[in-house]
Amino acid sequence: MARALTPQTAETDAIRFLVGTQSLRYDNQIHIIDFDDENNIINKNVLLHQVGEIWHISASPADKGVLATCYNKTSDSKVMTCAAVWRMPKELESGSHESPDDSSSNTQTLELLCHLDNTAHGNMACVMWEPMGDGKKIISLADNNILLWDLQESSAKAVLSSSAALEGKGQLKFTSGRWSPHHNCTQIATANDTTVRGWDTRSMRQIYCIENAHGQLVRDLDFNPNKQYYLASCGDDCKVKFWDTRNVTEPVKTLEEHSHWVWNVRYNHSHDQLILTGSSDSRVILSNMVSISSEPFGHMVDDDELSDQEDQHQEEKIFVYRPFRIKEPLQDSVIATYEEHEDSVYAVEWSSADPWLFASLSYDGRLVINRVPRALKYHILL
């Protein structure tokens, strides 16, 4: 069983994903998945994660070998979800490894760097690394607490530098969060119940609140990498919604393509019109949300009909007029629905090395790697 997936964020040359297992009977593991694009081969290396089942995994943006997990731990017959930072063996840090011949004898163990101590704060829901950071700042969400940590001594020590708590009636619990790559990385968004909130990490104060963002539980969030105020959310009402955080009364756009809970939403890092979603309906949907992207009209194309040779012949002309044409805009649409999974799809992620490639993970442990359809890729590029 598995529900935790991340690209190896700091690896931008080789296509590589990390998967965390959920097993009550066996030792849990991190599977390092290397995809050889040219030969269409998947290679796998296994690392032992000798604590409990893995609920969430995230990779350092700066150090290929470092990752954080949220995992279950049983103590005094109570189950707690804890978080820790780990390092993989040096020889496995970089991508494009071949699978070991004899996997049984070759399982290596993750090195524990530090625990994110949450004894006072409750169960860890997720760990977020500062985007584009040096891998020294992380935020964890534990029950109703936001905890900002500084990793010191080569990540061997985590020091709590500031925190904030969600106030209100009832048992408030964060379900997920996302650190914005904009505003000098001083903003995060969190989800709890049906509400989405924005926070300033310097003051740890709330900066916006979208109450009833979804009709049921909000499962996941993601920021548009190219438009600083745009945020996507998804949830148990089967919807994906897009927000402009400057005006949160109404979503800018809503997608209603899934027939069950939507667990995951991800913007493509390079081409933000490409949106990936995964759901308990066992489907992965790739949507093209051009109208709210950073290039809503297609991009401006320089009409480069003049070849270099012609340029030389034209040198005596002082000025050559080259008109710009605007490409035929694509409409917002579902590009493809992927039905290779037979169980709930709990995670979808874009590769950090290849903008046209993504992975999806279903609860039965099946990992599927897919590409954006070639025709659409060339329409976007050309």
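Domain 1 (1-92 + 106-165) and domain 2 (176-294 + 318-381) each contribute residues to the lining of the largest pocket, so this pocket lies between them. Keep in mind that we're looking at a predicted model here.

So what's in that pocket? It holds about 1500 Å³ of space, and 48 residues line it. Nearest its centre you'll find His 56, Gly 177, Arg 178, Arg 266 and Glu 349. By residue type, the lining splits into 25 nonpolar, 13 polar and 10 charged. Several strands give two or more residues to this lining: β1, β5 (54-59), β10 (124-129), β14 (174-179), β18 (218-223), β22 (262-267) and β28 (345-350).

Take β14 to begin with. It belongs to an open sheet of four strands, ordered β14-β15-β16-β17 with antiparallel pairing. The edges are β14 and β17, each pairing on one side only. On average, neighbouring strands in this sheet are turned by 25° against each other, ignoring direction.

Now for β1. This strand sits in an open sheet of five strands, in the order β1-β2-β3-β4-β8, and here the pairing is mixed. Both β1 (2-7) and β8 (108-109) are edge strands with a single partner each, so one side of each has no neighbour in the sheet. Further in, Ile 33 stands opposite Lys 44 in β4.

As a reminder, strands of a sheet pair through backbone hydrogen bonds, either parallel or antiparallel. Here are some of the antiparallel pairs from the two sheets:

| Strand | Partner strand | Bridges |
|---|---|---|
| β3 (residues 28-36) | β4 (residues 41-49) | nine bridges |
| β14 | β15 (residues 187-192) | five bridges |
| β16 (residues 195-200) | β17 (residues 205-210) | five bridges |

One more stretch deserves a look. How much helix and strand does the chain have over residues 211-247? In the model, that stretch is 0% helix and 46% strand, and its end C-alpha atoms are 12 Å apart.

Definitions and conventions: Residues are numbered from 1 along each chain as its sequence is written. This is a predicted model: local features need pLDDT of at least 70, side-chain atom pairs count only at pLDDT 80 or more; totals for chains, interfaces and linings use all residues. Side-chain values use heavy atoms; hydrogens and water are left out. Two strands pair if DSSP finds at least two bridges between them. On a 1 Å grid over the protein atoms alone, a cavity is a set of points where a 1.4 Å probe fits but cannot get out, and a pocket is an open set with protein on both sides within 12 Å along at least five of seven lines; lining residues have an atom within 4 Å of a point. Grid points are joined across faces, edges and corners, and a volume is the space filled by probe spheres set on the points. Ala, Val, Leu, Ile, Met, Phe, Trp, Tyr, Cys and Pro count as nonpolar, Asp, Glu, Lys and Arg as charged, and the others, Gly among them, as polar. Domain bounds come from an automatic or database domain assignment. Axes are lines fitted to C-alpha atoms, for helices over the stretch in contact, and angles run from 0 to 180 degrees between N-to-C directions.
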